[in-house]
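Colleague: Let's go through this one in short questions. Please spell out each cut-off as it comes up.

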Amino acid sequence: MPKDLMAKGAKAIEALMTRRVRIECDRIPHVFHQVPIKKILNWILVETAAMARPARPLGWPTHLQIEPTAYCNLRCLLCPVNTGLNRLPGHMDFRVFQKVVDEVGAYVFFILLWDWGEPFLNPQIYEMIRYAGERGIKVVSSTNGHLFAHYDHADRVVRSGLDTLIVALDGITQETYERYRQGGELDAVLKGIRTIVARKRALHSDTPLINLRFLVMRHNEHEIPRLPDLAESLGVDALTFNTLNSHCQETDPTRRAILEARYQQMLPQNQQYQRFRYTAAGEKIRVPRNPCKRLWNNPVIHWDGTVSSCFFDYAERRNLGNLNKDTLTDIWNGAKYRQLRRTFRNNWENLPLCCDCSNSFVGGDCSWETMSKAIFFPPKG
């Protein structure tokens, strides 16, 4: 029996005996206590399905990626919201969020509350966070941090019970920062972080865990040695280094050529922070088996209720259904999803999106390898 299979089996037995489950998300460990047995059994079935890859799922999603909004207050250089999302923007209505949580929330461990856009522009996001948290679901969200320079947002995010907040900070000078985060103000982000930390201390709250996220690019990699001291001085809980996904999903030839040129210009020189591994000829090395588990554990739900298989599908090339018309149960078990799983299992290299996905290349496993390093800081105050 392979060692990884034995380890997974031991982990499953331990979870059933202790009702305790430990799951890492972006290298941040999360521990769930007193987990209901039916939730643990579903998790075991889903992890089994991710290995066996049946067309019909064995359980309900253990993760949900939900897009609160497709609007953003910045124009990041490589982001589809800036370069062309190819669908209308909007805010998710709380009713749609509530519907999916009510339907499958008893089995869900994580809601990743972001996709494309700045999540905290949705005026109902704090109600969403609370609603999920009251049902035992851990919520992780990502932000460019600007809104939290305002006391009200910083106070509400702490009171909401959000478990983890990823704050994107891709430069420690304004010149470096705005080169990618166009339209952004470094001072506003730093003020926002300090305001959240202050509110956490004032309210004696352990949450949200603040994960300072640094996307390593050629123009900012020289700042890496100074980052740990900055992060610790801000009072954040963790500092993680993300690698640039230099593989383009754009289908329009002209725009694809432009974006691929940008990727090459921004690729860091330090190989430690390059996502992929290359042949001597400079070609990315493909994996023999795509490790993606999303078709069995993690659907993506866009702001208007559209269900897709993956966060890379920003233009909804795979529209698997809509929650305004169908239940997630019907979509998750439906013919479109089953056919997609079947095709992925048998011929993923020729499947649009999957053949270009980060997961399909050595070094690009989105469940682990894309975070090149994580540093944790002891709590203060």
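Modeller: Start with Pro80. Which helix holds Pro80? Helices here are DSSP runs of H or I, at least four residues long, strands are runs of E of at least two, and both are numbered from the N terminus. The run at residues 80-83 takes in Pro80, and it is α3.

Colleague: What kind of model is this, and which pLDDT is needed for local features?

Modeller: Residues are numbered from 1 along each chain as its sequence is written, and side-chain values use heavy atoms, without hydrogens or water. The model is predicted; side-chain atom pairs count only at pLDDT 80 or more, totals for chains, interfaces and linings use all residues, and local features need pLDDT of at least 70.

Colleague: Is Pro80 buried or exposed?

Modeller: Buried means under 20% relative accessible area, exposed over 50%, and partly exposed in between, with a 1.4 Å probe and protein chains only. Pro80 has a relative accessible area of 6%. That makes Pro80 buried.

Colleague: Which residues is Pro80 in contact with, leaving aside neighbours within four places in sequence?

Modeller: Contact means heavy atoms within 4.5 Å. The C-alpha atoms of Pro80 and Gly117 are separated by 9.2 Å, though the two are 37 residues apart along the chain. The contacts of Pro80 are Leu85, Trp116 and Tyr314.

Colleague: Now α9. Why do its buried residues line one face of the helix?

Modeller: The buried residues of α9 (227-234) are Leu227, Leu230, Ala231 and Leu234. Take the directions from the helix axis to the C-beta atoms, which define the arc. Asp229 and Ser233 are exposed on the other side of α9. The buried residues line one face because, seen down the axis of α9, they fall within an arc of 95°.

Colleague: Next, α5 and α6. What is the angle between them?

Modeller: Axes are lines fitted to C-alpha atoms, for helices over the stretch in contact, and angles run from 0 to 180 degrees between N-to-C directions. Under 35 degrees counts as roughly parallel, over 145 as roughly antiparallel, 65 to 115 as roughly perpendicular, and the rest as oblique. So α5 is roughly parallel to α6. With axes 9 Å apart, α5 (125-133) and α6 (151-160) pack at about 15°.

Colleague: Which residues of α6 meet α5?

Modeller: From α5 come Tyr126, Glu127, Ile129 and Arg130. Their partners in α6 are His153, Arg156, Val157, Arg159 and Ser160.

Colleague: Which residues touch the most other members of the largest nonpolar core?

Modeller: A nonpolar core is a set of buried Ala, Val, Leu, Ile, Met, Phe, Trp, Tyr and Cys residues joined through side-chain atoms within 4.5 Å. The largest has 87 residues. Apart from it lies another core, of 14 residues, among them Val21 and Val140. In the largest core, the residues touching the most other members are Ile66, Phe97, Val100, Ile111, Phe120 and Leu212.

Colleague: Last one, the backbone. What is the phi of Arg19?

Modeller: Arg19 sits in the loop between α1 (3-18) and β1 (21-25). Arg19 is partly exposed, with a relative accessible area of 30%. Arg19 is not a glycine, yet its phi is positive, at about 55°.
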